[in-house]
Amino acid sequence: MTRKYDVLVVGGGNAALCAAISARRSGASVLVLEAAPKFYRGGNTRHTRNMRCAHDTATEILTGPYTEDEFWEDLLRVTGGQTDEELARFMIRESKEILHWIVEQGVRWQPSLGGTLSLGRTNSFFLGGGRAMLNALYLTAERLGVNVLYDAEVVDLDIQAGRFTSATVAHGGQRHDVRAGALVAAAGGFEANIEWLKQYWGEVADNFLIRGTPYNRGSVLKMLLDKGVQQIGDPTQCHAVAIDARAPKFDGGIITRLDCVVFGIVVNKNAERFYDEGEDVWPKRYAIWGRLVAAQPDQIAYIIFDEPSLELFMPSLYPPVKADSIRELAGKLGLDPQALEATVETFNRAVRPGTFDHTILDDCRTEGLTPPKSHWARPIRTAPFYAYPVRPGITFTYLGTRVNKEARMLMSDGKPSANMFAAGEIMAGNVLGKGYAAGIGMTIGSVFGRIAGREAAKNARN
């Protein structure tokens, strides 16, 4: 850490590694600082499965084209228009190259798995999952000569008038000043910082579960904002899904996520439904359920379904609660049996006949029910009955640093930073004002990571 590097990358996940590899391939000397121990390296990338990229034709692993315009329409729908259109369209256009570039860095694809949200046309799945993808990127980076330091926490940044000069790094019980010609911040959001979450959510944040690493506490983000980088994003917006309430507080990962909402009903602790479980196809709606559950009493809810739906989705790490009657199921969940029976029976009476098809927006719906179930509505009548308890599972937060198409951070006066760049979750709020579409977090990280590394190397050389 005594030498001066061309590019300093702070973070250790997909965005950071794409930046490091890109910078090194552009001729720069690169140091990656990962705050986590080596075993836990990679932030949320460790728990991912796939990436959403535009492509014009079917491939060996994708069943059909996914055009730039369709990608944009999907993003527009899930964000409700809360996105930087110019930057988002730029990212989508660049994503077409990422499909091939990421393979050149050692990552391999596989066909989509059965029961994975019907993503075979739009999303490419990593062979071996997120950790295998991450291992491939680290291997490539190290072979190229990128230096990586673990257990290395950045505790201060020297930034003057929009120019980075050095970082203070805590490592091995000592503090070191690391100098570099350019900085790439790829250290994630603040989702693991419960006290920071409480500033916006209040005490309910104590009931949130954090799907990924406990190391994403937002310290680098806070430093950047405090030192004059322009802020973007609503601090209450985040990627938040319904995950098994029995999951650990941190790092439960994707195996605690529950994808069975569309196959049943969801009730709160009062045994009341509170949202349309069949509003849209699951990849475009699964990430709203964390916020929905967060708004319920005690931030707890229960997914209720019956035997015909049991094998239509990827199972969770934990088995469902099982019972031979709705009344027995209520007792096992600690719900009022009479209230749950009434809710289920009211739902069943409202279901209208249709042709069930979970891969499309089918015609199985309810009538005269508030809230409705718009698609995939089937009576819950066939024993045994099942339930999963769920809580909000926070993946990453959308508060971040504003950037331009060079991935260069913008300062509070609107001027671009002289030598600071950002990629991944720390700047995802530029694209994601709210909402989420499956796989787009990895797209943001890969696209802007590649750009940030390239531009940082160019900047350092100049």
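1. Let's start with Glu-455, which is buried because its relative accessible area is 8% (buried means under 20% relative accessible area, exposed over 50%, and partly exposed in between, with a 1.4 Å probe and protein chains only). Glu-455 belongs to helix α10, residues 440-461. Helices (H or I, at least four residues) and strands (E, at least two) are DSSP runs, numbered from the N terminus. Setting aside neighbours within four places in sequence, Glu-455 is in contact with Glu-406 and Phe-421, where contact means heavy atoms within 4.5 Å.

2. A word on what you are looking at: this is a predicted model, in which local features need pLDDT of at least 70 and side-chain atom pairs count only at pLDDT 80 or more, while totals for chains, interfaces and linings use all residues. Residues are numbered from 1 along each chain as its sequence is written, and side-chain values use heavy atoms, with hydrogens and water left out.

3. Next, find Ser-166 in strand β8, residues 163-171. Is Ser-166 buried or exposed? Ser-166 counts as buried, because its relative accessibility is 13%. Not counting residues up to four places away in sequence, Ser-166 touches Asp-156, Leu-157, Asp-158, Val-178 and Arg-179.

4. Now for the surface. Phe-39, Tyr-40 and Tyr-215 form a nonpolar patch there, with about 320 Å² of accessible area together. Patches are made of residues with over 30% relative accessible area and no salt bridge; like charges are joined within 9 Å, and nonpolar side chains (Val, Leu, Ile, Met, Phe, Trp, Tyr) within 5 Å. A salt bridge is a side-chain nitrogen of Lys or Arg within 4 Å of a carboxyl oxygen of Asp or Glu. Accessible areas come from the Shrake-Rupley method with a 1.4 Å probe, and for residues only the protein chains shown count as cover. Tyr-215 sits in the loop between β10 (209-210) and α6 (219-226), and counts as partly exposed because its relative accessibility is 37%.

5. There is also an open sheet of 3 strands, antiparallel, in the order β3-β5-β4. Its edge strands, β3 (50-52) and β4 (109-110), each pair on one side only. Two strands pair if DSSP finds at least two bridges between them; β4 and β5 (residues 123-126) have 2 bridges. Which residue in β5 is the bridge partner of Trp-109? That partner is Phe-126.

6. Finally, step back to the domains, whose bounds come from an automatic or database domain assignment. Domain 1 covers 5-234 + 399-460, and domain 2 covers 240-393. The contact takes 32 residues from domain 1 and 31 residues from domain 2. Their C-alpha centres lie 32 Å apart.
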